[in-house]
Protein chains: 2
Amino acid sequence: MRAVVMRDSKLVVDDVPEPVPGAGEVLVKTRTCGICGSDLHALEHTKAFVENSPGVGSGMDVRRDVVMGHEFCAEILDYGPGCTKLHPIGTRVCAMPVLVRQGVPVAVGYSNDVPGGYAERMVLMEPLLLPVPNGLDDLRAALTEPMAVGVHAVEAAQLTEDDVPLVIGCGPIGLAVITALKARGVGPVVAADYSPLRRKLAETQGADIVIDPAETSPYTTWQELAAVSLAGEKLPENPMTGTPMLRPGVFFECVGVPGVIDQMMVGAERGCRFVIVGVCMEQDHIRPLLGISKELALKFVLGYTAEEFARTLTLIAEGAMPVESLITGKVGIEGVADAFRDLKNPEAHAKIVVEPWRSR
Amino acid sequence: MRAVVMRDSKLVVDDVPEPVPGAGEVLVKTRTCGICGSDLHALEHTKAFVENSPGVGSGMDVRRDVVMGHEFCAEILDYGPGCTKLHPIGTRVCAMPVLVRQGVPVAVGYSNDVPGGYAERMVLMEPLLLPVPNGLDDLRAALTEPMAVGVHAVEAAQLTEDDVPLVIGCGPIGLAVITALKARGVGPVVAADYSPLRRKLAETQGADIVIDPAETSPYTTWQELAAVSLAGEKLPENPMTGTPMLRPGVFFECVGVPGVIDQMMVGAERGCRFVIVGVCMEQDHIRPLLGISKELALKFVLGYTAEEFARTLTLIAEGAMPVESLITGKVGIEGVADAFRDLKNPEAHAKIVVEPWRSR
């Protein structure tokens, strides 16, 4: 079958062996597959990616071919042995991108042996299949995986009604967090990004106040909101300090670049909580004294649970998480290498999806 | 009155003006005052201390004299105007080291205008006074302040019965955390320090397993304990990874030196929570990807609440928090400068207390 292959740190289109479903596995046709920022990382910083991604990179020998792609909507073509065949052939499905073989989890799209969605066909685990509900189209269904990352981050924040959320960075992860916050009815949500396109998308996804950090400090804006009660009244001043009392801040780090956490620690006030969702591949610096003097809490998060993944698909299908604006491009297999290049420009694109069954 | 004065980054004994209690304030005799690691920091790194300690250092102009000392037991000598005079003259008291003057909090022991406990007399706020209960002696009562830091850190950890705590560093802060954990009935508690004296004190304070990191990895020991259930049974293996399931780890960072948080992130397993109590004055480095791949949570803490401070005094007075072994030296005013030097050697001392009313 035709596939986009990562070979010698390049993407090439080639024929690869047809995948064969093992026991409990299903052969599917890839209908749509989103390109993830992690795939860009994996291509550019392959060695660091493999070394530092326990559970994801561990199945990859970078001297051998890898077919990436883990944000997919697919269609059931055939069942392997031992399946319950619960869903009819032709059912459109989403699934968490993982297979368990001989008790060992294998990441679909980050493995030498299991091709991901940048190929015409894949194998998936039958028990993980989620039929696409409510007539949801392929493109939006394929956004389940990246949006589940936002749902998980918001879950980890353990928000209360009183919290004032701030999203730093409006790339695909920040946009997923904004969408998940709004699906939960949380607000006002403040979001910040240097890119005009990303700010526009943040607004489309429901962010209430969108900031260009080159012009305004997101932390000042957050403080102004946090100084006002839910009922819209200015909070009283702290008699000890003469400064207004503030509602708790929950800051989402969705940039993943060294220095951002430190900058957030400077901008935060006492008792703020951070959820670190952006994946910084390099060493970073912090000043612990800033954290101590403000009693900050940092929660690092990764991925999602099976429940969160399934819930995200339902939320998208029911229209509670709008995603259509996030898709800024569509390519066939031949267009993937160019798409990887285009995605480096935040002004050009948010999410490009691959439709491996069509030519460019 | 006689006092130890910080002047030009040195400690000198000198006469300073007698403090005068203002409205709602009380004149007290300092009976005992512990020397805190923060005082050593303040003397050696005065500029950084003032700049980086909002709320504590902000009241200090380092070009002027400062009388430090904030871990005290005192005796009421006289009341200022407007006091309720609830406690008889002569009552022995502890208090949080803070005064509020004209609505502005002033740190007792870190201010040019309010002398701390390295002087014969101090002024304190009447509403904060806590009479020393149960015939508790001055020396142990003076340990209320540093032990409250441990109580606060353990509170911030939000421990469940299933958690397995690990204390990294057994200086005064680590020992306070160990003591607070044991007062809560938590265990087994693993503690680690390179210093033989500190390891001995960790045992005295109730740590169940005490590790020399030069010989054994504290993280390996923690893992072995975490792989056993509360009922003493080996936990099952994770079918996905083949490694044993682990009870949650709660790691207390009580060193405050760059690199320790990173090392703890390497040693931790998925879902561990860190409480950062050690005060690192310098820039530190972390690898966010380690935190992300293990979904770690870092909670920075500082000080204590009024409730925790009062509870600590009660716990010490009732014998639930033994502290007598922590006091390894006593000096008069003339001995303070030498005591600061001696405290730099972890083999020589844990806590030295000052009795300003006696000569060396």
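**Exercise 1. State into which domains chain A is divided, and describe the interface of domain 1 of chain A and domain 2 of chain A.**

Solution. In this predicted model, chain A is divided into domain 1 (2–143 + 323–354) and domain 2 (148–300), with bounds that come from an automatic or database domain assignment. Local features need pLDDT of at least 70 and side-chain atom pairs count only at pLDDT 80 or more, whereas totals for chains, interfaces and linings use all residues. Residues are numbered from 1 along each chain as its sequence is written, chains are lettered from A in the order in which they are written, and side-chain values use heavy atoms, with hydrogens and water left out.

Step one concerns placement: the C-alpha centres of the two domains of chain A lie 31 Å apart. Step two concerns contact (heavy atoms within 4.5 Å), in which 13 residues of domain 1 of chain A meet eleven residues of domain 2 of chain A. Step three concerns buried area, that is, the accessible area (1.4 Å probe) that two parts lose on being put together, summed over both; for these domains of chain A the value is about 1000 Å², with 65% of it on carbon and sulfur atoms. On the side of domain 1 of chain A that touches domain 2 of chain A, the largest share, three residues, comes from helix 2 (residues 46–52) of chain A, where helices are DSSP runs (H or I, at least four residues) numbered from the N terminus.

**Exercise 2. Determine how chain B can be laid on chain A.**

**Exercise 3. Describe the contact between chain B and chain A.**

Solution. Begin with the residues: chain B gives 36 residues and chain A gives 36 residues. Because 100% of the interface residues of chain B are also interface residues in chain A, the copies meet through the same surface. Next, the area buried between chain B and chain A is about 3200 Å², of which carbon and sulfur atoms give 67%. Of the area that chain B buries against chain A, 23% is supplied by B:L289, B:I292 and B:F300, more than by any other three residues. Finally, the count of salt bridges (a side-chain nitrogen of Lys or Arg within 4 Å of a carboxyl oxygen of Asp or Glu) between chain B and chain A is zero.

Key. Copies are superposed by least squares on the C-alpha atoms of residues with pLDDT of at least 70 in both. Helices (H or I, at least four residues) and strands (E, at least two) are DSSP runs, numbered from the N terminus.
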